[in-house]
Amino acid sequence: MDASGGHDLVIQTRDLTKIYRMGEVEVAALNGVSVEIARGEFLSIMGHSGSGKSTFMNLIGCLDRPTSGIYLLEGRDVSRLSSDQLAEVRNRSIGFVFQGFNLLPKQTALQNVELPLLYAGAAPEERRRRAQEALRAVGLESRLAHRPREMSGGQQQRVAIARAFVSEPALILADEPTGNLDTKSSDEVMEIFRELNRTHGITIVVVTHESDVAAKTQRTIVFRDGRIVETAA
Ligand SMILES: Nc1ncnc2c1ncn2[C@@H]1O[C@H](COP(=O)(O)OP(=O)(O)OP(=O)(O)O)[C@@H](O)[C@H]1O
Ligand SMILES: [Mg+2]
C-alpha cells in the first residue's frame with residue numbers, strides 16, 4: 001500500500017481549475033478536472049482547439065499552478081509549491097516533448113541530450129555515456145554529432161524524446177509531438193513512446209488532434225470547454 005491507498009498513481013487531480021483574468025473577463029481554461037493516471041500508463045488527450053489540453057498539460061507538468069483544486073504528483077501535493085520548488089520537481093520527475101522539438105540549434109544531438117544531466121550535476125563521463133545510450137534507444141547512434149538543422153523533423157523529435165527520458169523521469173508529457181511530422185515519422189515517434197513505456201515503465205501522456213495517433217495509446221481522455229467529457233479504453 002502507498003499514500004494513494006493501494007493504487008500506484010503518478011497523477012491524481014481533484015477539481016483542478018485554471019481561470020485566466022483578461023481585464024474584466026474571466027476565462028475558465030480548466031473547469032474542475034478530476035482524473036487519475038496510474039504508473040506505467042500510456043495515455044492520450046484529445047479535444048477541440050481551446051478545450052484546455054495545453055492548460056492541463058502545463059499544470060500536470062508543474063509549469064503552472066492551478067487557480068483552485070488539488071494535484072498530487074506521485075502522491076505528493078504539488079498544487080501550492082513555489083516556482084523554485086516546482087522547477088525542482090520538474091527536473092527530477094518530468095520529461096517534456098513539444099510539437100516544435102525545442103532543441104538548441106547550435107548544439108549537437110549528443111549535447112542536447114546531455115543538457116538535463118548537466119543541470120542535474122552529473123559528471124562529464126556519465127553524461128556522455130547516458131546520452132549515447134538514450135540516443136541509441138531512439139535509433140540515432142549514428143547522428144551524435146549532427147546539429148538540429150542537419151536532421152529530419154522525425155530525427156529531431158527523436159533527439160527531443162531522448163532528452164526527455166535521459167534522466168529517467170516518472171512521467172513524459174508530450175503536447176502534439178507528431179503535429180509537425182509526416183505519417184511515417186509520426187508512427188516512428190509513437191512506436192518509440194510505446195517501447196519506452198513498455199520497457200522502462202515510464203508513464204506517458206500525449207496530446208494529439210489525430211485519432212490514429214490516439215489509437216496507439218492505451219486510453220484516451222477527451223476535453224471540451226475545460227472539462228473531461230469522455231474517457232475511452
Ligand atoms: N495565458 C492565457 N491567458 C488567457 N487565456 C488563455 C491563456 N492560455 C490559454 N487561454 C485560454 O484557455 C483556453 C484553453 O486553452 P488551451 O491552450 O489549453 O487549449 P488547447 O486545448 O491546448 O488548444 P489547442 O488544441 O489549440 O492547442 C482557451 O480558450 C484559451 O484562449
Ligand atoms: Mg494546445
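Tutor: In strand S9, the bridge partner of Met46 is Val222, and this pair belongs to the parallel pairing of S3 (residues 42–47) with S9 (residues 219–224), which extends over 5 bridges. Strands here are DSSP runs of E with at least two residues, helices are runs of H or I with at least four, and both are numbered from the N terminus; two strands pair if DSSP finds at least two bridges between them. This is a predicted model, in which local features need pLDDT of at least 70 and side-chain atom pairs count only at pLDDT 80 or more, while totals for chains, interfaces and linings use all residues. Residues are numbered from 1 along each chain as its sequence is written, chains are lettered from A and ligands numbered from 1 in the order in which they are written, and side-chain values use heavy atoms, with hydrogens and water left out.

S3 and S9 sit within an open sheet of 6 strands, ordered S6-S7-S8-S3-S9-S10, whose pairing is mixed. Strand S6 (94–98) and strand S10 (227–232) each have a single partner strand at the edges, so one side of each is left without a neighbour in the sheet. From one strand to the next, the twist averages 20 degrees. Helix H1 packs on this sheet and touches S3, S6, S7 (171–175), S8 (203–207) and S9, its direction making about 155 degrees with that of S7. Contact here means heavy atoms within 4.5 Å, and the angles, which run from 0 to 180 degrees, are taken between N-to-C directions of lines fitted to C-alpha atoms, for helices over the stretch in contact.

H1 also lies across S1, S2 and S4, running at about 120 degrees to S1. These strands belong to an open sheet of 4 strands with antiparallel pairing, in the order S2-S1-S4-S5, and its edge strands, S2 (25–38) and S5, each pair on one side only. S1 is joined to the antiparallel S4 (residues 68–73) by 5 bridges, with Ser68 in S4 as the bridge partner of Thr17. S4 in turn pairs with S5 (residues 76–77) in the antiparallel sense over 2 bridges, and Leu73 stands opposite Arg76 in S5. In the hairpin of S4 and S5, with 2 residues between the strands, Glu74 takes a positive phi near 50 degrees.

H1 also reaches ligand 1, giving the most to its shell, with 3 residues. The side chain of Thr55 has an N or O atom 2.6 Å from an oxygen atom of ligand 1, and a polar backbone atom of Gly52 is 3.1 Å from a ligand 1 oxygen atom; such polar contacts are pairs of N or O atoms within 3.5 Å. The elements that give two or more residues to this shell are strand S1 (9–22) and helix H1 (53–60).

Key
Polar contact = N/O pair within 3.5 Å; in protein donor to acceptor, adjacent residues only side chain to side chain.
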